[in-house]
Amino acid sequence: MRGKGRQATLPHPSASPETRSGVLGLSLRAEAMKINQDTVLRGKKVTLVPYTAAHVPRYHEWMQSEELQRLTASEPLSLEQEYEMQHSWRDDADKCTFIVLDSGRWPGQAEENSMVGDVNLFLTNTEDPTLGEIEIMIAEPSCRGRGFGKEATLLMLAYGVKKLGITKFEAKIGQENEASICMFKKLHFKEVAVNSIFQEVTLRLDVSDQERRWLLEQTNHVQEKSYAELKQPAGALDS
């Protein structure tokens, strides 16, 4: 997860790229971004679920961490502001987000106890709907270095290609976050720019036919399910 200042005026609980109008193809994008509201993507290590209001308290706890604030260029928000962000984020036309759960815990344990991070996709260019900017955050320290971030990123990349028509991905990562830069390079991203002002590296993946086949092979184990059907009866999560 990355940002240029996660502030109360921004529409997402994680740090966001520059404000985007979404004027071109707004209705189409709105439909595309809402397509994941009942989508669960279950992998071997992680499961991706839509971001709901019931996830906000745990998310808020994460973002009190000075380390995460530094890595995401974010500012701490009040719990009320986090709820406002989640509501706005849910309805945004140019963003798609999933909460990352530990597949070993959910279904079975409560979702808030299974959360490990989030993964986001931004449509960064209103003139090119095939370009997406991807962010990944594994917030739980005990879940880092275990392949959770890699699989969550692969799931989101495949989702963007298959469901949203994305053919080009970018990732903007702080220069100090060497682990994340290394992970994206292992996923075939190439470094294309360095911004000394923001101290971040831009990496890019162009999804050729060969890359598409590789990506789909890497995610052929993923099961897509209905979130409404999988939600636990006790403490069902509201959107």
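Arginine 105 counts as partly exposed, because its relative accessibility is 29% (buried means under 20% relative accessible area, exposed over 50%, partly exposed in between; 1.4 Å probe, protein chains only). The model is predicted, so local features need pLDDT of at least 70 and side-chain atom pairs pLDDT 80 or more, whereas totals for chains, interfaces and linings use all residues. Residues are numbered from 1 along each chain as its sequence is written, and side-chain values use heavy atoms, without hydrogens and water.

The side chain of arginine 105 meets that of aspartate 102 in a salt bridge, with N and O 3.5 Å apart (a side-chain nitrogen of Lys or Arg within 4 Å of a carboxyl oxygen of Asp or Glu). Aspartate 102 is buried, because its relative accessible area is 9%.

The structure holds 11 salt bridges. In one of them, lysine 95 pairs with aspartate 92, and the closest N and O atoms lie 3.2 Å apart. In another, the side chains of lysine 95 and aspartate 94 meet at 3.0 Å, N to O.

Lysine 95 has a relative accessible area of 7% and is therefore buried. Aspartate 92 is buried as well. Aspartate 94 has a relative accessibility of 4%, so it also counts as buried.

## Helix H5

Helix H5 covers residues 148–164 (helices are DSSP runs of H or I with at least four residues, strands runs of E with at least two, numbered from the N terminus). The 17 residues of H5 should span 24 Å at 1.5 Å a residue, and its end C-alpha atoms are 23 Å apart, which agrees (the expected span is 1.5 Å times one less than the number of residues).

Of the 17 residues of H5, 14 are buried, so the rest of the structure largely encloses this helix. Just after H5 comes glycine 165, which takes a positive phi of about 70°.

## Backbone features in the loops

Tryptophan 106 and proline 107 are joined by a cis peptide bond, with omega about -5°. Proline 107 is placed in the loop between strand S3 (95–102) and strand S4 (115–123).

Histidine 188 is not a glycine, yet its phi is positive, at about 80°. This histidine 188 sits in the loop between H6 and strand S7 (190–195), and it counts as partly exposed because its relative accessibility is 28%. Glutamine 199, likewise not a glycine, has a positive phi of about 55°. The place of glutamine 199 is the loop between S7 and strand S8 (200–206). Its relative accessible area of 51% means that glutamine 199 is exposed. Most residues other than glycine have a negative phi, and most peptide bonds are trans.

## Cysteines

The count of disulfides (pairs of cysteine sulfur atoms within 2.5 Å) comes to zero. Cysteine 143 has a relative accessible area of 2%, so it is buried. Cysteine 182, in contrast, is partly exposed, because its relative accessible area is 38%.
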